[in-house]
Amino acid sequence: MDAELIERAQRGDREAFGQLVSRHYDFVRATAWRWSGSSTDADDIAQEVCVKIGAAMRSFRGASHFRTWLYTLTLNAARDHRRKRAREQQTFRAYAAEPRQDAPGGEDEISNALWAAVRALPERQCDAVLLVYGEGLSHSAAADVMGCSEATVSWQVHEARKRLKAMFGKEEV
């Protein structure tokens with residue numbers, strides 16, 4: 001059904017585009033939340049992705065699955081948003097304001113601390129861990145989203161695990 005909606009949306013059918021966005025919005029928002037850790041930021045990222053879908057829809061060629069393409073758009077939007085937030089926080093600190101910290105509801109402190117630590121990892125390691133453990137993707141599928149080899153994803157996950165172990169001072173993470 002997505003293939004038909006994609007084809008119609010690429011020809012300018014606004015109704016098909018709306019259906020496509022509606023069908024995948026929850027997926028995009030959930031993915032954005034995992035990357036940002038903030039409900040407010042996830043909403044902003046999801047909206048940005050919807051705008052990007054509209055702008056990039058005609059260039060989607062189906063070389064990858066639509067959901068893989070959405071992961072890539074969401075990942076890029078989350079990175080952009082993270083950099084923007086970092087710049088904003090720098091500005092706020094310059095004016096003696098403290099940066100805002102959102103904690104998602106319903107998760108325990110250890111889980112919150114772990115995911116916050118994951119988001120603090122170097123970008124490629126963070127992406128690999130979030131795709132593999134947060135999204136449940138295989139290393140192969142994560143490699144498609146990240147635009148690299150499966151071995152690179154495996155290495156990024158391995159390095160991330162080493163860093164997390166060191167951060168938490170534990171043998172197993």
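This is a predicted model: local features need pLDDT of at least 70, side-chain atom pairs count only at pLDDT 80 or more; totals for chains, interfaces and linings use all residues.
## The chain as a whole

Of the 173 residues in the protein chain, 38% are buried, and the chain exposes about 10,000 Å², of which carbon and sulfur atoms supply 50%.

Contacts can also be sorted by how far apart the partners lie in the sequence. When contacts between residues at least 6 apart in sequence are taken, 58% of them join residues at least 24 apart.

## Where helix α6 meets helix α8

Helix α6 covers residues 123-134 and helix α8 covers residues 150-168, and the axes of these helices come within 8 Å and cross at roughly 100°. Because angles of 65 to 115 degrees count as roughly perpendicular, α6 is described as roughly perpendicular to α8.

On the α6 side, the contact is made by R124, Q125, A128, V129, V132 and Y133, while α8 contributes V153, Q156, V157, E159, A160, R161 and R163. Sorted by class, the residues in this contact of α6 with α8 are seven nonpolar, two polar and four charged.

Is E135 buried or exposed? Its relative accessible area is 16%, and because buried means under 20% relative accessible area, E135 counts as buried.

Leaving aside residues up to four places away in sequence, E135 touches F27, T31, R34, W35, Y71 and L130. With one of these residues, Y71, the side chain of E135 also forms a polar contact of 3.1 Å.

## L70, in helix α4

The residue L70 lies in helix α4, which covers residues 66-94, and with a relative accessibility of 0% L70 counts as buried. Which residues does L70 touch, not counting those up to four places away in sequence? They are H24, F27, V28 and I53.

For I53, a separation can be given as well: L70 and I53 are 17 residues apart along the chain, and their C-alpha atoms are separated by 8.1 Å.

Definitions and conventions. Residues are numbered from 1 along each chain as its sequence is written. Side-chain values use heavy atoms; hydrogens and water are left out. Axes are lines fitted to C-alpha atoms, for helices over the stretch in contact, and angles run from 0 to 180 degrees between N-to-C directions. Helices (H or I, at least four residues) and strands (E, at least two) are DSSP runs, numbered from the N terminus. Angles under 35 degrees count as roughly parallel, over 145 as roughly antiparallel, 65 to 115 as roughly perpendicular and the rest as oblique. Contact means heavy atoms within 4.5 Å. Ala, Val, Leu, Ile, Met, Phe, Trp, Tyr, Cys and Pro count as nonpolar, Asp, Glu, Lys and Arg as charged, and the others, Gly among them, as polar. Buried means under 20% relative accessible area, exposed over 50%, partly exposed in between (1.4 Å probe, protein chains only). A polar contact is a pair of N or O atoms within 3.5 Å; within protein, one must be able to donate a hydrogen and the other to accept it, and residues adjacent in sequence count only if both atoms are side-chain atoms. Accessible areas come from the Shrake-Rupley method with a 1.4 Å probe; for residues, only the protein chains shown count as cover.
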